[in-house]
Amino acid sequence: MKTAGILISIALACAAAPGAWAQAYPAKTIRLISPYPPGGGTDATARIIAQALGDQMGQQIVVDSRGGASGRIGTEIASKAAPDGYTLVLGNVAPLAILPGSGIKLPYDAINSFNPISLIALSDYVLTVHPSLPARSVKDLLAMAKAKPGELTYASSGNLGGPHLGGELINLMAKVKLIHVPYKGNGPAAIAVLTGESTMMFGSGPSVVPHVTAGKMRALATTGKKRSISGLPSMNELLPGYEVTQWYGILVPAGVPKDIIDRLNREIARAIANPKVAELFVKLGTQPVSNTPEEFSAFIKSETDKWGKVIRAAGIKAD
């Protein structure tokens with residue numbers, strides 16, 4: 001009888017173990033990979049959510065910036081990390097939807113290499129120009145582009161990123177020829193416009209708004225369907241149907257236990273609902289959001305289909 005009691009106790013302890021492990025998570029520092037260089041919107045977004053989640057979960061979350069190749073490098077690193085919940089990645093439209101939609105051979109599978117956790121923010125890009133350009137509106141800009149095909153350039157954070165396709169979508173819809181010049185991130189692209197090396201850019205709010213405020217750039221429009229920044233029209237007002245939205249979400253490598261996925265999803269929803277966190281996102285020019293892992297997964301698939309169609313219509317060749 002004594003032996004049977006011991007065996008029952010062991011069995012009960014084993015049955016309870018998964019729940020105990022989930023409660024113990026996180027037991028050490030968590031890494032959040034930001035697949036773009038420091039100084040841009042992705043980096044700022046990563047630091048806001050890392051601080052909020054770290055405060056809530058009682059463990060430090062360290063932002064690891066791994067920029068390059070339109071987010072491909074950092075995303076690949078995350079895909080190969082141990083599926084233990086201690087490596088997160090801040091995903092966005094380029095590495096998870098545009099690149100897969102391009103048909104390019106990737107070192108990861110945007111759907112099967114990750115478990116989506118939740119969206120955290122949506123953001124329009126801001127179309128800005130060098131102040132020496134005579135254009136005071138998108139209408140003026142398009143008139144210049146039609147009069148001087150192939151002479152106006154736009155800087156972007158990298159080939160096949162959201163800002164790149166923002167320009168290609170204008171080319172398709174307005175029948176103009178803006179020339180794309182890729183850089184390694186929003187920061188370098190902004191410098192190119194500030195110095196006059198490039199005519200314009202589609203930049204994230206954090207990378208361009210300070211320069212607009214300082215009079216070093218001129219903002220013409222935002223890229224969403226509706227106005228999102230006071231005083232600026234949306235591109236959709238001039239080109240009906242035009243929409244280019246940056247989005248950010250948290251993912252983990254495929255195979256992370258469901259208990260940890262559920263915990264992270266709850267913590268993200270809690271952080272996004274925190275007015276102080278939401279205010280920080282709004283100051284960046286982003287809209288804080290959260291959803292379920294299933295909803296985030298479906299969203300990624302829909303974005304992949306959308307941008308795949310644009311890439312094929314524009315005849316863009318992947319590097």
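Reader: What volume does the largest cavity have?
Author: In this predicted model, the largest cavity has a volume of about 140 Å³.

Reader: And how many cavities of 30 Å³ or more does a search of the whole structure find?
Author: The search finds two.

Reader: Which residues are closest to the centre of the largest cavity?
Author: They are Y36, T42, S157, N186 and Q246, out of 19 residues that line the largest cavity.

Reader: How do the lining residues of the largest cavity divide by class?
Author: Eight are nonpolar and eleven are polar, with no charged residues.

Reader: What lines the second largest cavity?
Author: Its lining consists of Y36, P37, G67, G68, A69, S70, G71, S157, K184 and G185. By class, three of these are nonpolar, six polar and one charged.

Reader: Changing topic: at what angle do the axes of α2 and α10 cross?
Author: The axes of α2 (residues 41-57) and α10 (residues 258-273) cross at roughly 110° and come within 10 Å. The angle therefore makes α2 roughly perpendicular to α10.

Reader: Is the crossing of α2 and α10 left-handed or right-handed?
Author: The crossing is right-handed.

Reader: Which residues make the contact?
Author: Helix α2 contributes I49, A52, L53, Q56 and M57, while α10 contributes R263, L264, E267, I268, R270, A271 and I272. The contact of α2 with α10 comprises eight nonpolar, one polar and three charged residues.

Conventions:
Residues are numbered from 1 along each chain as its sequence is written. This is a predicted model: local features need pLDDT of at least 70, side-chain atom pairs count only at pLDDT 80 or more; totals for chains, interfaces and linings use all residues. Side-chain values use heavy atoms; hydrogens and water are left out. Axes are lines fitted to C-alpha atoms, for helices over the stretch in contact, and angles run from 0 to 180 degrees between N-to-C directions. Helices (H or I, at least four residues) and strands (E, at least two) are DSSP runs, numbered from the N terminus. Angles under 35 degrees count as roughly parallel, over 145 as roughly antiparallel, 65 to 115 as roughly perpendicular and the rest as oblique. A crossing is left-handed if the near helix is turned anticlockwise from the far one by less than a right angle, and right-handed if clockwise. Contact means heavy atoms within 4.5 Å. Ala, Val, Leu, Ile, Met, Phe, Trp, Tyr, Cys and Pro count as nonpolar, Asp, Glu, Lys and Arg as charged, and the others, Gly among them, as polar. On a 1 Å grid over the protein atoms alone, a cavity is a set of points where a 1.4 Å probe fits but cannot get out, and a pocket is an open set with protein on both sides within 12 Å along at least five of seven lines; lining residues have an atom within 4 Å of a point. Grid points are joined across faces, edges and corners, and a volume is the space filled by probe spheres set on the points.
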